[in-house]
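Please work through the following exercises with the sequence and the structure at hand. Each task is followed by a solution in steps.

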Amino acid sequence: MKTPYTTNDLNPKAVMDRKSVTENEWFYMVEGIFNTINHSMIGVVCIYTSWLCWMNGFEKLYTWHVFLTLIGYHLLMAEGIVLLYSGNGWTQKLSHTHKRTVHWLIEVVGCSCCVVGIALEIYYRQSTNRRHFSSTHSIVGLISLVFLALTLVNGLMALFAAELRKRIRPIYSKLGHYLTGTVCYVLGMVAIVLAYEKKIYRQNTITEGITMMTVFTIAVIVLSMIGVVKAIYNQCKTLVK
């Protein structure tokens with residue numbers, strides 16, 4: 001009777017291939033777990049803050065500022081960035097063209113929420129004779145708004161990179177979009193973290209709730225940037241070749 005072969009009977013190349021497959025399976029599993037955690041934290045913070053906004057009253061303009069900027073940055077921008085990542089669960093079966101279309105739709109709506117939210121806060125401060133951009137939170141938010149405008153411009157360039165290739169190499173358009181988009185998103189999320197010390201949060205929730213949202217938001221920034229950092233790294237490697 002022929003005995004079954006063992007790992008030692010396999011040639012070295014077959015052993016290495018089997019080991020590589022096993023490592024890839026573990027990597028994709030861990031990647032999927034962290035991706036799910038990221039989506040969960042995005043949802044928890046958005047639902048929790050929406051409830052706080054309800055408690056504070058949507059008849060107040062400031063409440064709309066908090067709600068719209070949170071939805072814009074923490075929900076739509078984050079999901080618009082993550083969906084392009086190969087490890088993102090709900091977009092894995094979409095083609096690159098479909099991912100790009102969904103990305104644009106989500107980001108346009110997200111940017112619109114941010115612009116309207118910031119505009120309402122400016123109008124509110126103007127109508128109540130309050131100082132503009134007098135805190136770290138507001139200054140960081142303003143800088144993020146500037147990069148948001150830049151991101152939309154070079155985003156259009158990246159979208160029509162094929163048509164503009166005679167004027168500018170597509171890799172420059174895409175890399176510029178990645179860089180300005182990253183700065184816009186990170187600064188916007190930092191502004192949200194700084195906002196957790198504002199009165200709307202302190203009056204409507206407990207300290208542990210603020211701590212939870214701070215930790216979750218920082219974690220979302222890190223996890224959402226994984227795919228972008230990999231893309232920027234690959235673009236830079238292509239440039240130096």
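**Exercise 1: The surroundings of Ser224**

Leaving aside neighbours within four places in sequence, Ser224 is in contact (heavy atoms within 4.5 Å) with Asn38, Ala78, Ile81, Val82 and Tyr185. The model is predicted: local features need pLDDT of at least 70, side-chain atom pairs count only at pLDDT 80 or more, and totals for chains, interfaces and linings use all residues. Residues are numbered from 1 along each chain as its sequence is written, and side-chain values use heavy atoms, with hydrogens and water left out.

Task: Determine in which helix Ser224 lies, and whether Ser224 is buried or exposed.

Solution. 
1. Ser224 belongs to helix α7, residues 207-224; helices are DSSP runs of H or I with at least four residues, numbered from the N terminus.
2. The relative accessible area of Ser224 is 3%. Buried means under 20% and exposed over 50%, with partly exposed in between (1.4 Å probe, protein chains only). Ser224 is therefore buried.

**Exercise 2: The whole chain**

Task: State how many helices and strands the protein chain has, and explain why it is described as more spread out than a compact globule.

Solution. 
1. The protein chain has eight helices and zero strands (a strand is a DSSP run of E with at least two residues).
2. The radius of gyration, taken over C-alpha atoms, is 22 Å.
3. Along the principal axes, the C-alpha atoms fill a box of roughly 90 × 50 × 25 Å.

Note on methods:
Rg over C-alpha atoms; globule rule 2.2 N^0.38 Å.
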